[in-house]
Amino acid sequence: MELIIQLKDVYKDYVMGNSVVKAVCNVNLDIRKGDFIAIIGPSGSGKSTMMNLVGALDIATRGDIFLDNINIEHVQESELAQIRGEKIGFVFQTFNLIPTLTAIENIALPMIFQGISKEERMKKAEEILEQVKLMHRRNHFPNELSGGERQRVAIGRALANNPEVILADEPTGNLDTKTGKTALEILKKLNKQGKTIIMVTHNLEMAKYANKVIKLKDGKIVK
Amino acid sequence: MKDYFFLALKNIKRRKLRSWLTIIGILIGIAAIVALISISQGMEDTINEQFEKMGTNKIIIMPGGEIEGIPGMMSGMMAEYLTEDDVETIEKAKGVEIVSPIIAKVSKVEYSKEKAYTFIYAWSMDKRKEIWEDMMEIAQGRDLEEKDKHCVVVGDDINDLFDKEVKIGSKLEIENESFRVVGILKPTGGRDNDLAVYMELKIAQELFDTNEFMTIYVQIKDGFEPTQVGENIKKELRKAKDEKEGEESFSIQTSEQMLEAFGIVLNVIRVVLIGIASISLFVGGVGTMNTMYTSVLERTKEIGTMKAVGAKNSDILLIFLFESGLYGLIGGAVGIVLGLGISKGAELLASPYLGAGIFKVSMAWWLILGALLFSFVVGTISGVLPAMQAARLKPAEALRHE
């Protein structure tokens, strides 16, 4: 299978006052199209930092990260934003929906930044709403939705620009077991449709959905 | 662009109270500026109109020298008068057609055992009618005539001075002599004029035993330049009074110069008042900036999310600039309505004193459009720094923000 993400000798240091925290240390990783990868590890192991690096939300201190053959370490922020919007869909633990926007508007939001017309945005967002089974909640605001519904809207938003990769940071962290499973089922289904899924979790049960598990400890891959 | 506008609008709606407080800050400044411009523009229009009515072929001679380039401005404060000799000298000047001196005296006026002090204005009626046909418009009764001996015309507000109503035929006692009211004027636009009593010049000269004039009006001959005739009069008067150039005890104004002088005074007042109003708009701008900084802080995580889903720095910048611009625009729109309301109120308040229709505030389209644009610009400028802060946030850090 074709490589979609490649990390080569990646380091990420944080300077905290006088000390330097090595959050990610000499990580090499190949992710292929269609993979469903779970990154697990205790808190402070560098999971979230990895996630930020892979998702082009942060820049590595050293090393190269290739996303679809583009070295994202050597791109301008505005271009990086464009790449993020196009190629990656984010699902956050706290959903991160925009409270002033309705379910359908939240899903359509990433398309605004890609310059897609309103008509097309709404059409696509409706298709996604069908897909995550939330058509009946179309015009509801996030505070009118349940946790599970919110996460489905968030997953829907991640699908807006039809990205290659979906990055899910603890997607079930704020959900009960049952709704958490539903969210994972959706991710699994998307994986079957060909999407590459990278999920950060500390829940080993959830990691079972993945076909590849990467264990992090002290910023290094241990397994 | 339109989408950013709606995103911004939704944010303004989110925090209604804070938004309104921010908007009020802008609103007060804009309302004050609009009201002041509208009123002062109205004043300028009114003055222009009055001078237009007066015509450009008139010259006014007043006692007191020129001060700081504003002729005659101090005349009221000086104990100087023009005399009968001056009238004769002016009559001799080249280009002068009619010379009409005016007596103005504050005097005790008695009516049905009540006493009041007011201005007595006395003109030579035949000359006055030649110079200004419609200078004094009669509301009731008739105008004064040259042959009138013990007759007066009174201003529209004369009844403010006495409890018992002054009517046509009422007898007023001035300097122990009785005068019959033959006419009541329409409002003139000046409070002093509306409270005054008007009589024939010769009668007043006898009554007060005076030859001192407050003002001399001159009408120039056809084909002469007002400024040139003014210079001629000046030269003659200087010679007669034996005064040096620049040290005259009188000042001369053509109607145009007078209009200019009013314009200067009005502009000074306008600049000062609008300057003060601008301070309040500046404070409103600072308030908007504060709101925007709070908003950026509060929505840091949201900004991170938007960046994660593909928003560029410039997108975030625009969304926040639109938001602060909208505060300005809404504040401006409401402020304009309020400001025009205030100025209309001032017009209504002034009309009983000035006469209906004399003073009309300006509601020009350029004022409305200009104020709206200005308020949008003020709002946008106030948002520049907070918006830049928002745009520069690093996505990973912003997302970590709680």
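**Notebook: burial, cores and loops in a predicted model**

I began with B:Ser100, which counts as buried because its relative accessibility is 1%, where buried means under 20% relative accessible area, exposed over 50% and partly exposed in between, with a 1.4 Å probe and protein chains only. I noted that this is a predicted model, in which local features need pLDDT of at least 70 and side-chain atom pairs count only at pLDDT 80 or more, while totals for chains, interfaces and linings use all residues. For my own bookkeeping, residues are numbered from 1 along each chain as its sequence is written, chains are lettered from A and ligands numbered from 1 in the order in which they are written, and side-chain values use heavy atoms, with hydrogens and water left out.

I placed B:Ser100 in strand E2 of chain B, residues 96-111; helices (H or I, at least four residues) and strands (E, at least two) are DSSP runs numbered from the N terminus. Leaving aside neighbours within four places in sequence, I found B:Ser100 in contact with B:Lys127, B:Ile131, B:Thr215, B:Ile216 and B:Tyr217, a contact being heavy atoms within 4.5 Å.

**Cores**

I then looked up the largest nonpolar core, which has 40 residues, and those with the most contacts inside it are B:Ile61, B:Met199, B:Val218 and B:Ile233. Such a core is a set of buried Ala, Val, Leu, Ile, Met, Phe, Trp, Tyr and Cys residues joined through side-chain atoms within 4.5 Å. Not counting residues up to four places away in sequence, B:Met199 touches residues including B:Trp123, B:Leu144, B:Cys151, B:Phe179 and B:Leu207. I also found a second, separate core of 37 residues that includes A:Ile40, A:Leu145, A:Ala160 and A:Met199.

**Chain A as a whole**

For chain A I recorded seven helices and 10 strands, and 55% of its 223 residues count as buried. The radius of gyration of chain A is 17 Å, which agrees with the value near 17 Å for a compact globule of 223 residues; the radius is taken over C-alpha atoms, and the globule rule is 2.2 Å times the number of residues to the power 0.38. Of the contacts in chain A with a separation of 6 or more, 70% join residues 24 or more positions apart.

I checked helix H1 of chain A (residues 47-54) and found it largely enclosed by the rest of the structure, because seven of its eight residues are buried. Among the buried residues of H1(A) are A:Lys47, A:Met50, A:Asn52 and A:Val54. Just after H1(A), A:Ala56 takes a positive phi of about 60 degrees.

**Loops**

I noted A:Asp218, which has a positive phi of about 50 degrees although it is not a glycine; A:Asp218 is in the loop between strands E9 (212-217) and E10 (220-221) of chain A, and at 58% relative accessibility it counts as exposed.

My last entry is A:Phe92, in the loop between strand E6 (88-91) and helix H3 (103-112) of chain A, which counts as buried at 9% relative accessibility. A:Phe92 and A:Pro171 are 79 residues apart in sequence and 5.9 Å apart in space, C-alpha to C-alpha. Not counting residues up to four places away in sequence, A:Phe92 touches A:Gln151, A:Arg157 and A:Asp169, along with B:Thr305, B:Ala308 and B:Leu399.
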